[in-house]
Amino acid sequence: MKSKLKTFLRRYSFYLGGDQPWVAWGERLRSSVGAFIGLLLVVIAAKFLGELSGIDEWLMASLGASALLVFALPQSPMSQPWAVIAGNTLSALVGVTTFHFVDQPLFAIPMAASLSILGMFMLCCLHPPAAAVAVIAVLSQTSNYRYAFFPVMVDSILLILVGAAYSNLTGKSYPNKP
C-alpha cells in the first residue's frame, strides 16, 4: 500500500508543482526583496510623474507579474529589457486599438491577447505579462493611446532600470550579455 501511494505521488506530483526547481532560501529572499524594492521605487516614481503631468493613470496593473520575471528570473529571455519594454508597450497599443475597433468585449478580450502575442512573436519580444496588458486595456475601456507610453512604457523602463541595478548589486548579471 505504501509503495503504491509513493508511486502515485511521484507520478502526479508534477501537477502540484513537482516540476518546479528547488530554489535556495537566499535566492528566494533576494528575489522577493528585490521585487518589493523595485515595485516600491517604480510606484513612487510613476506616481510623481503622474502628478507632475496631471495624469490619473500612472501605474499598469500587470507590473507585479513583470517584476516576478525581472527579479526572480533575470536570465530568462522573457525578462530582458527588449521583451519587457517592447512587449508591454506593443500590447498596450494592441489593446487600445482593439477597444476602438471591436465592440463586443467577449470577442475583444481574446482578440487583444492573441494579437499582442502575435505582435510579440513578430518583434521577438515575448513577455507573458504583456498579454495581460492588452486585456486590461480592453477591460478598462482605455481609449487613449497615451496609455501605452505613460504609464506602460515608462513603468516598464523604470522597472528594468531598478531591476538591473538591484540584480547587479546582489550578484546577478542583468541584462543578459550577447
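1. Q80 counts as buried because its relative accessibility is 11% (buried means under 20% relative accessible area, exposed over 50%, partly exposed in between, with a 1.4 Å probe and protein chains only). Q80 sits in the loop between α3 and α4 (81–101). Leaving aside residues up to four places away in sequence, Q80 touches P74, Q75, Y174, P175 and N176 (contact means heavy atoms within 4.5 Å).

2. A word on the basis: this is a predicted model, in which local features need pLDDT of at least 70 and side-chain atom pairs count only at pLDDT 80 or more, while totals for chains, interfaces and linings use all residues. Residues are numbered from 1 along each chain as its sequence is written, and side-chain values use heavy atoms, with hydrogens and water left out.

3. Now to the helix pair. Helix α3 (residues 63–72) packs with helix α7 (residues 146–169) at an angle of about 30 degrees, their axes 10 Å apart. That makes α3 roughly parallel to α7 (angles under 35 degrees count as roughly parallel, over 145 as roughly antiparallel, 65 to 115 as roughly perpendicular and the rest as oblique). On the α3 side, the contact is made by L63, S66, A67, V70 and F71; on the α7 side, by D155, L159, I160, V162, G163, Y166 and S167.

4. Finally, I44 belongs to helix α2 (residues 25–53). With 51% relative accessibility, I44 counts as exposed. From C-alpha to C-alpha, I44 and M60 are 13 Å apart in space, and they are 16 residues apart in sequence.

Note on methods:
Axes fitted to C-alpha atoms, helices over the stretch in contact; angles between N-to-C directions. Helix = DSSP H or I, 4+ residues; strand = E, 2+ residues; numbered from the N terminus.
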